[in-house]
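User: I've got a model open and I'd like to walk through it with you. Could you take my questions one at a time?

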Amino acid sequence: MSIDKYETLNQERKRQRTKRKVAAYCRVSTDNEDQANSFESQQRYFRQYIERNPDWELYEVFADEGISGTNTKKRKEFNRMIACAKNGDFDLIITKEISRFARNTLDSIFYTRDLKEHGVGVIFMNDNINTLDGDAELRLAIMSSIAQEESRKTSERVKWGQKRQMERGVVFGRSMLGYDVKDGKMYINQEGAEVVRLIFHKFAEEGKGTHVIARELQEEGIKPMRVKEWQNTVILRVIRNEKYCGDLVQKKTYTPDFLSHEKKVNRGQEEFVIIKDHHEPIISRELFDKANRMLDEKSLSQEGKSKHSNRYPFSGKIKCGCCGSSYVARYKTRKNGSRYKSWRCLEAARHGRPHADKAGNQVGCRGLSIRNEDAIHIMYLVTRSLQFNKKKMADNLLGIIKSAMAADTAGTDSGKMKLKIKMMGEKRKKLIDLYISGQITREEFTAARTKCENELTELQSVIENIREQKEEMEKQQELVTEITEVMDDLINGVEYEDDLYKEILDKMVVNDKDHIDVYLNLYPLKLSYTAVTASKKR
């Protein structure tokens with residue numbers, strides 16, 4: 001081999017060793033037919049572009065499919081590319097323009113800064129920006145702001161266009177139980193429509209509750225849409241959906257921020273688009289109105305009650321002695337029209353009496369229900385039957401209550417706080433003298449003064465808290481007296497509401513109508529009674 005050829009080969013090998021690994025990023029079309037072509041064409045474009053630079057070597061083309069550039073959270077390939085860059089897998093990223101990389105100004109600057117700290121630059125080809133250049137960040141901020149504003153305008157145009165289409169009756173949304181949505185129109189799906197009619201009939205004509213309807217549909221083997229099994233919430237959504245009587249209400253959700261693209265429930269922030277008799281109904285308007293009136297009446301009867309599991313003081317504390325499930329609260333109506341609260345085994349409430357479902361699984365429970373008033377009366381009988389030193393119990397409870405009240409102001413002295421404030425004021429005056437005399441710099445004076453002001457603010461806050469606590473203490477004696485009276489009644493067996501008994505009840509196990517086990521939780525009084533059997537009184 002000649003010396004010239006050897007030198008040429010050596011230089012080529014050296015150049016290969018020093019090649020920079022370059023990644024490319026793009027976002028491809030959302031259209032399924034064009035997506036593959038777009039991805040292939042962009043890969044080919046970037047490969048050819050990189051091959052034209054003898055010092056570059058293609059690492060990988062990262063591509064997100066049809067995802068908006070205004071937010072990077074859901075862009076999986078983008079986030080994977082950033083992770084690879086931080087790992088040192090390549091040295092440079094090329095992309096066509098800022099709007100392909102990110103239309104959010106903060107995202108653009110954040111990620112390019114972060115990449116630069118890891119030694120990775122970004123080249124925006126159409127914008128002629130290389131983030132490794134000195135003035136790149138200023139130019140990037142300007143161009144990103146322009147791209148972000150263009151994205152905002154595009155979002156507004158799209159929203160305006162969608163609303164005009166909605167006003168013309170075009171349906172935005174997906175197929176649902178009873179309707180197929182295709183090309184912006186609604187077509188009845190007869191199989192699903194029969195299920196919808198069945199739900200309305202069971203609720204409005206037969207008077208069955210949503211939990212019962214869900215259980216019956218599940219046992220009949222009817223499959224719901226997009227959920228694993230029927231739930232009462234699914235039934236409620238069907239009954240409330242105005243589409244089933246032929247009306248169309250759109251813009252139930254809206255997007256307040258075009259950057260995040262997060263949807264929120266429209267509670268009047270934007271105008272709804274409502275069209276009466278828009279499509280063929282599945283049920284009559286009369287039946288729809290009747291069902292919704294029934295729902296409204298039930299809602300009014302529960303008005304003021306919390307929707308969380310702790311709305312009932314016995315929640316989670318009454319257990320089934322047959323299957324171990326927790327009891328759930330139900331409201332029932334007597335023959336005279338009055339309502340009362342009772343508790344029922346959850347397994348029995350969902351599946352009824354013990355039986356085998358269509359899959360052959362044993363479901364249901366024979367656990368008995370118990371009225372809330374009976375549960376309270378049982379607690380009354382239990383507290384009366386306990387044998388203990390009632391005076392000692394009352395004294396211990398009062399001691400705990402008083403110590404808790406006293407702890408609020410323990411270790412605080414307003415006199416000391418005021419003295420500290422006075423000393424802090426003198427310290428601030430000395431700082432001014434030191435600064436005027438030139439003994440400390442302006443920076444030192446500013447830092448020390450800021451520290452003093454922060455400490456003064458904190459001391460004033462403490463004094464205000466002490467004042468408020470003292471006002472509360474003046475009311476404590478009256479409160480202690482009231483607590484003592486209530487506690488005496490409880491200890492001596494006066495029947496109270498269940499929200500008081502819940503404090504000493506660990507759990508109540510319903511075995512049958514004559515055997516209900518009550519487990520008490522009386523710590524820190526350390527009473528030895530942990531279980532009591534009581535007969536349920538009728």
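Predicted model: local features only at pLDDT ≥ 70, side-chain atom pairs only at ≥ 80, totals over all residues.

User: Which residue in the hairpin of β4 and β5 takes a positive phi?
Analyst: That hairpin has four residues between its strands. The positive phi there is near 55°, and the residue that takes it is Asn 128.

User: What is the bridge partner of Leu 92 in β4?
Analyst: Strand β3 (residues 92–95) runs parallel to β4, and four bridges join them. In β4, the partner of Leu 92 is Gly 121.

User: Which residues of β4 point the same way as Gly 121, and which the other way?
Analyst: In a regular strand the side chains alternate between the two faces of the sheet. In β4 (residues 121–124), Gly 121 and Ile 123 point one way, and these two are buried. Pointing the other way, and buried as well, are Val 122 and Phe 124.

User: Moving to the helices, are α8 and α9 roughly parallel or roughly perpendicular?
Analyst: Helix α8 (residues 210–219) and helix α9 (residues 232–240) have axes 8 Å apart, and they pack at an angle of about 105°. Angles of 65 to 115 degrees count as roughly perpendicular. α8 and α9 are therefore roughly perpendicular.

User: Which residues make that contact, and how many of them are nonpolar, polar and charged?
Analyst: From α8 come Thr 210, His 211, Ile 213, Ala 214 and Leu 217, while α9 brings Asn 232, Ile 235, Leu 236 and Ile 239. By type, the residues of the α8 and α9 contact divide into six nonpolar, three polar and no charged.

User: What covers the buried residues of α8?
Analyst: The buried residues of α8 are Thr 210, Ile 213, Ala 214, Arg 215, Glu 216 and Leu 217. Their cover includes α7 (190–205), α9 and α11 (346–351).

User: Is Val 249 buried or exposed?
Analyst: Val 249 sits in strand β8 (residues 248–250). Leaving out residues up to four places away in sequence, Val 249 touches Glu 242, Lys 243, Phe 272, Val 273 and Ile 274. Buried means under 20% relative accessible area. Val 249 has 17% relative accessibility, so Val 249 counts as buried.

User: How far apart in space are Val 249 and Ile 274?
Analyst: In sequence, Val 249 and Ile 274 are 25 residues apart. C-alpha to C-alpha, the distance between Val 249 and Ile 274 is 4.5 Å.

User: Zooming out, what percentage of the residues in the protein chain is buried?
Analyst: The protein chain comes to 16 helices and 20 strands. Out of its 538 residues, the buried ones make up 35%.

Notes
Residues numbered from 1 in each chain as written. Heavy atoms only, no water. Axes fitted to C-alpha atoms, helices over the stretch in contact; angles between N-to-C directions. Parallel < 35°, antiparallel > 145°, perpendicular 65-115°, else oblique. Contact = heavy atoms within 4.5 Å. Nonpolar A, V, L, I, M, F, W, Y, C, P; charged D, E, K, R; others polar. Buried < 20%, exposed > 50% of the residue type's maximum accessible area, 1.4 Å probe, protein only. Pairing = 2+ DSSP bridges.
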